[in-house]
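Take a look at the model below. The text after it walks through a few places, one at a time.

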Amino acid sequence: MTPLVSRLSRLWAIMRKPRAAVGSGHRRQAASQERRQKHAKSNSQAKPSACDGLASQPEEVVLQASVSPYHLFRDVAEVTAFRRSLLSWYDQEKRDLPWRRRAEDEVDPDRRAYAVWVSEVMLQQTQVATVINYYTGWMQKWPTLQDLASASLEEVNQLWAGLGYYSRGRRLQEGARKVVEELGGHMPRTAETLQQLLPGVGRYTAGAIASIAFGQATGVVDGNVARVLCRVRAIGADPSNTLVSQRLWGLAQQLVDPARPGDFNQAAMELGATVCTPQRPLCSQCPVQSLCRAHQRVEREQLLASRSLSGNPDVEECALNTGQCQLCLPASEPWDQTLGVVNFPRKASRKPPREESSATCVLEQAGALGGAQILLVQRPNSGLLAGLWEFPSVTWEPSEQLQRKALLQELQRWAGPLPATRLRHLGEVFRVYQGQQPGTCKVSLLGLSQPVSPGLRPWVFSQLTDECLSEHSPLQASLERGIVLDLEKLHCGVQGRGKGKK
């Protein structure tokens with residue numbers, strides 16, 4: 001067994017170890033909604049309604065007709081009590097986070113908005129604990145929009161490595177360049193213009209920046225806020241449903257405190273992240289428990305189950321209660337006594353993931369200065385993991401003969417004519433992209449006894465050292481995310497040949 005095969009074998013063993021998912025899904029719903037809203041906005045010229053800034057007037061009329069006041073905040077006193085209780089709790093219990101400190105201390109509005117923007121993009125798919133170090137390193141390297149705009153994409157990908165969803169970092173830099181080159185270095189000041197002018201900024205991110213950095217009284221809805229609102233108003237329907245989403249945005253706009261909009265929005269997100277959690281919520285610690293219809297429903301069901309009261313307890317419920325209310329628990333999923341407040345909301349079941357298999361070749365060129373070198377190729381500039389580097393790969397073919405032919409043809413597209421050398425199978429790696437389909441990567445090794453001629457596409461031969469193949473190396477993390485390699489993150493003495501570029 002060659003040293004390279006031995007090192008790669010150790011890497012495959014490492015990759016088979018069970019690992020916890022990187023992302024918490026803390027703001028995944030908001031990101032998904034932003035993509036859908038961006039698409040809808042590009043295909044429609046309808047003006048938003050005054051009620052929630054999203055639904056057109058006819059849609060709002062239909063929604064009002066099918067929603068009971070039970071799911072709404074009906075008077076100023078109730079709204080005021082909600083704001084006061086939530087903000088008082090937030091002032092006492094909020095976590096000390098670097099992006100909050102920057103937003104509070106920064107006097108320059110553009111730098112403040114930039115600091116909030118970076119944090120919101122990083123938090124969309126990643127746990128707070130993970131983001132802290134990345135955020136700190138990012139702001140130290142690029143403290144201003146101008147600094148980020150002058151960076152290279154390779155530098156951005158290098159610092160982003162390990163956070164996943166590399167398109168987020170790329171769009172963040174694209175937005176910074178647009179602000180610097182087209183907007184005079186000044187961030188748009190409202191949620192509407194932020195969403196309109198900046199790439200990758202959807203309704204949630206725009207609202208967060210506008211409220212926290214500029215004090216605009218605009219509500220926001222991410223996964224945490226949606227869960228809080230659904231429980232407080234006993235909304236059991238799927239929050240991703242268009243009509244339900246419209247109502248949640250309307251509630252968020254109604255509740256946001258005009259005197260402290262940024263703090264209010266962060267407080268609602270904090271409540272969902274730390275108290276009103278998806279599973280095992282800490283209801284006894286909730287500052288708005290007295291206003292929570294989900295909690296009231298739990299108490300009602302417990303009283304009925306204990307038979308301690310004759311007749312029905314005097315607890316308000318949805319007046320429609322006929323299966324027609326679009327915000328109630330769906331008739332197909334009635335109240336589950338064992339879930340308690342977790343009955344709200346009920347999410348639609350996910351479609352089973354589609355599996356894909358691919359073949360990847362580790363092309364080794366022996367005899368190069370410093371030891372064997374490995375062929376790396378660059379992914380397209382758009383799509384999944386855009387612009388990153390990887391081992392050459394193709395879709396898996398049903399027969400070994402067809403697979404070998406397809407893989408050799410792909411290698412020749414990158415590196416030019418290759419000698420007729422037998423491919424040697426190394427093993428298989430199972431990978432799962434967050435939010436994407438799982439798949440099996442079947443890895444082969446092709447050894448070369450002489451240098452190859454350059455092909456027509458970007459490629460580079462790189463030394464693959466033990467440092468690169470360690471359990472916590474950037475390459476190991478990249479392989480785990482799809483056999484993708486960010487060269488700038490590797491400290492392996494990359495040497496380019498032919499049309500290679502770094």
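Beyond four places in sequence, Val131 touches Trp99, Met122, Leu123 and Thr126. This is a predicted model, and Val131 is found in its helix H7. Val131 counts as buried because its relative accessible area is 0%, and buried means under 20%. Ser119 is twelve residues away from Val131 along the chain, and their C-alpha atoms are separated by 8.0 Å.

Now widen the view to the helix. H7 covers residues 128-141. Its 14 residues should span 20 Å at 1.5 Å a residue, and the end C-alpha atoms are 20 Å apart, so the two values agree. Which residues of H7 are buried? They are Val128, Val131, Tyr135, Trp138 and Met139. An α-helix has 3.6 residues a turn, so residues three or four places apart point the same way. The buried residues of H7 pack against helices H5 (98-105), H6 (109-123), H8 (145-149), H9 (153-160) and H10 (167-182).

S2 spans residues 373-378. Six of its six residues are buried, so S2 is largely enclosed by the rest of the structure. In a regular strand the side chains alternate between the two faces of the sheet. In S2, Gln373, Leu375 and Val377 point one way. Ile374, Leu376 and Gln378 point the other way, and all are buried. Strand S3 (residues 389-390) pairs with S2 in the antiparallel sense, over two bridges. Opposite Val377 stands Glu390 of S3.

The loops hold some details of the backbone. Phe344 and Pro345 are joined by a cis peptide bond, with omega about -10°. Pro345 sits in the loop between helix H16 (293-306) and strand S1 (356-365). Ala234 has a phi near 50°, a positive value in a residue other than glycine. Its loop runs between helix H13 (223-232) and helix H14 (242-255). Is Ala234 buried or exposed? Ala234 counts as buried, because its relative accessibility is 4%. Arg280 also has a positive phi, near 55°, and is not glycine. Arg280 lies in the loop between helix H15 (261-274) and H16. Arg280 counts as exposed, because its relative accessibility is 71%.

Last, the confidence of the prediction. The protein averages a pLDDT of 75, and 64% of the residues score at least 70. Over residues 11-26 the pLDDT is below 50, and this stretch has 39 contacts in the model beyond near neighbours in sequence. Residues 448-502 stay under 50 too, with 171 contacts beyond four places in sequence.

Key:
Residues are numbered from 1 along each chain as its sequence is written. This is a predicted model: local features need pLDDT of at least 70, side-chain atom pairs count only at pLDDT 80 or more; totals for chains, interfaces and linings use all residues. Side-chain values use heavy atoms; hydrogens and water are left out. Buried means under 20% relative accessible area, exposed over 50%, partly exposed in between (1.4 Å probe, protein chains only). Helices (H or I, at least four residues) and strands (E, at least two) are DSSP runs, numbered from the N terminus. Two strands pair if DSSP finds at least two bridges between them. The expected span of a helix is 1.5 Å times one less than its number of residues. Contact means heavy atoms within 4.5 Å. pLDDT is the predictor's confidence in each residue, from 0 to 100.
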